[in-house]
Amino acid sequence: AANSLNIGGIRISPYACQRRTTLKNYNQKLTDAFEILVENYEFNENKEFCLAFGRAASMLKCLPFTVVQVNDTEGLPWMGEQVKEITEDILEEGESSKVKAVLNDENYRSIKLFTSVFGVGLKTSDKWYKMGLRTLEEVKCNKNLTLTRMQKAGFLYYDDLISSVSKAEADAATQIVQDTVWKILPDAVVTLTGGFRRGKQAGHDVDFLITVPGSRQEEELLHTVIDIWKTQELLLYYDLIESTFENTKLPSRKVDALDHFQKCFAILKVHKERVNEGSAVQSKVFAEEETKDWKAIRVDLVVTPFQHYAFALLGWTGSRQFERDLRRYATHEKKMMLDNHALYDKTKKIFLSAANEEEIFSHLGLDYLEPWERNA
Ligand code: 8DG
Ligand code: MN
Ligand code: MN
């Protein structure tokens with residue numbers, strides 16, 4: 001791109017969709033620190049600083065070397081004064097007093113704790129904080145609160161859900177999803193998306209995209225899947241959201257807009273015997289009667305009509321920063337509108353169709369990035 005900068009012979013674009021960002025992060029110390037600030041700015045709804053530190057963290061993740069002095073970031077996009085100050089502190093003192101202050105801040109700690117419960121967002125956390133609540137025990141004991149069905153499930157399965165999902169557990173969940181879906185529609189395509197598709201070894205949930213080549217067959221699928229899981233007692237929680245998508249609608253202008261596909265946010269009961277950790281089989285010698293032999297795992301299922309599959313796949317693979325920059329690039333560099341459903345060319349006034357992700361990159365004039373290169 002025209003506004004790329006040239007650093008040590010490497011051209012680095014201000015758009016994450018023009019940078020190959022693998023999971024190998026040479027600057028994790030810095031990016032972890034920036035991401036704590038991003039989170040805190042998110043809690044305080046400071047959009048501008050949120051973006052600034054988010055973009056800086058993402059930029060550092062793509063570098064093929066460790067930054068050891070502030071000079072190393074000279075000429076890089078998104079390295080503003082604030083970012084440089086904190087980078088300098090960490091490189092020179094080993095830590096940043098600003099980051100440390102956030103980590104010790106009572107508001108940050110409480111909101112971080114409350115939002116760690118499935119179903120609890122910023123608004124609820126803020127309310128609880130303003131009521132003087134500080135711990136999950138205080139929330140649970142408070143008789144004046146009415147929890148949503150989602151939040152009740154969040155507290156009930158808290159310990160399982162807070163521990164991250166391993167790749168082996170994601171594979172076990174994939175087996176369950178595929179078994180059930182293929183029993184109903186053998187032609188259905190079930191794709192693991194989200195962080196695991198980007199090659200991550202752990203995640204906070206497991207994301208799936210389901211489509212059926214041909215037409216219209218997918219509409220009843222999720223209902224049938226849910227019915228089967230209910231009889232198998234595998235569903236600990238679910239929220240089914242029906243599609244609100246219209247084919248004629250232009251792609252959304254909002255970068256973080258949710259999509260309109262039919263989807264199900266669920267908590268699945270995954271039995272440990274289904275999880276193949278690769279290491280020795282867990283000893284059952286000490287297993288007692290009451291030992292829980294399953295783990296609650298968060299699963300997102302999204303169903304798309306076949307002609308929208310590539311767009312949905314691109315949108316649900318992430319990372320969030322990659323998605324943001326992809327849409328920003330489409331809008332500002334190509335006068336196009338991209339979202340999880342479609343790509344619209346505003347100059348030609350037409351929708352550009354795509355059978356796979358490669359075709360979307362190509363429409364946008366971008367070099368193709370593999371899923372594992374989208375860890376921006
Ligand atoms: P993680 O689960 O390991 O924490 O990471 P992740 O897999 O990258 O994050 P995610 O929260 O599961 O989201 C996966 C991608 O899906 C992400 O790029 C954003 C995208 N996404 C949508 N719509 C929605 C939505 O309605 N909710 C969520 N949570 N993510 C969505 O396109
Ligand atoms: Mn995920
Ligand atoms: Mn998800």
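Residues are numbered from 1 along each chain as its sequence is written, while chains are lettered from A and ligands numbered from 1 in the order in which they are written. Because the model is predicted, local features need pLDDT of at least 70 and side-chain atom pairs pLDDT 80 or more, whereas totals for chains, interfaces and linings use all residues, and side-chain values use heavy atoms, with hydrogens and water left out.

**Exercise 1.** Find which residues coordinate the manganese ion (ligand 3), and describe where Asp205 and Asp300 lie.

*Solution.* Begin with the donors, which are N, O and S atoms within 2.8 Å of the metal (3.2 Å for Na, K and Ca); water is not among the atoms, so sites may look incomplete. The protein donors of the manganese ion (ligand 3) are Asp205 (OD), Asp207 (OD) and Asp300 (OD), at 2.1 to 2.3 Å. Strands here are DSSP runs of E with at least two residues, and helices are runs of H or I with at least four, numbered from the N terminus. Finally, turn to the manganese ion (ligand 2), which Asp205 (OD) and Asp207 (OD) coordinate at 2.1 Å; the two manganese ions are 3.7 Å apart, and Asp205 coordinates both.

**Exercise 2.** Work out how helix H1 (residues 28-43) is oriented to H3, and which residues meet.

*Solution.* First take the axes, lines fitted to C-alpha atoms over the stretch in contact, with angles from 0 to 180 degrees between N-to-C directions: those of H1 and H3 come within 11 Å and cross at roughly 130 degrees. H1 and H3 are therefore oblique to each other, since angles under 35 degrees count as roughly parallel, over 145 as roughly antiparallel, 65 to 115 as roughly perpendicular and the rest as oblique. Then list the contacts (heavy atoms within 4.5 Å): Lys29, Leu30, Ala33, Phe34 and Leu37 in H1 meet Val83, Ile86, Thr87, Ile90 and Leu91 in H3.

**Exercise 3.** Decide whether Thr73 is buried or exposed, and name its contacts.

*Solution.* Thr73 lies in the loop between helix H2 (47-61) and helix H3 (81-93). Thr73 has a relative accessible area of 2% and is therefore buried, as buried means under 20%, exposed over 50% and partly exposed in between (1.4 Å probe, protein chains only). Leaving aside residues up to four places away in sequence, Thr73 touches Leu60, Val67, Met79 and Lys84.
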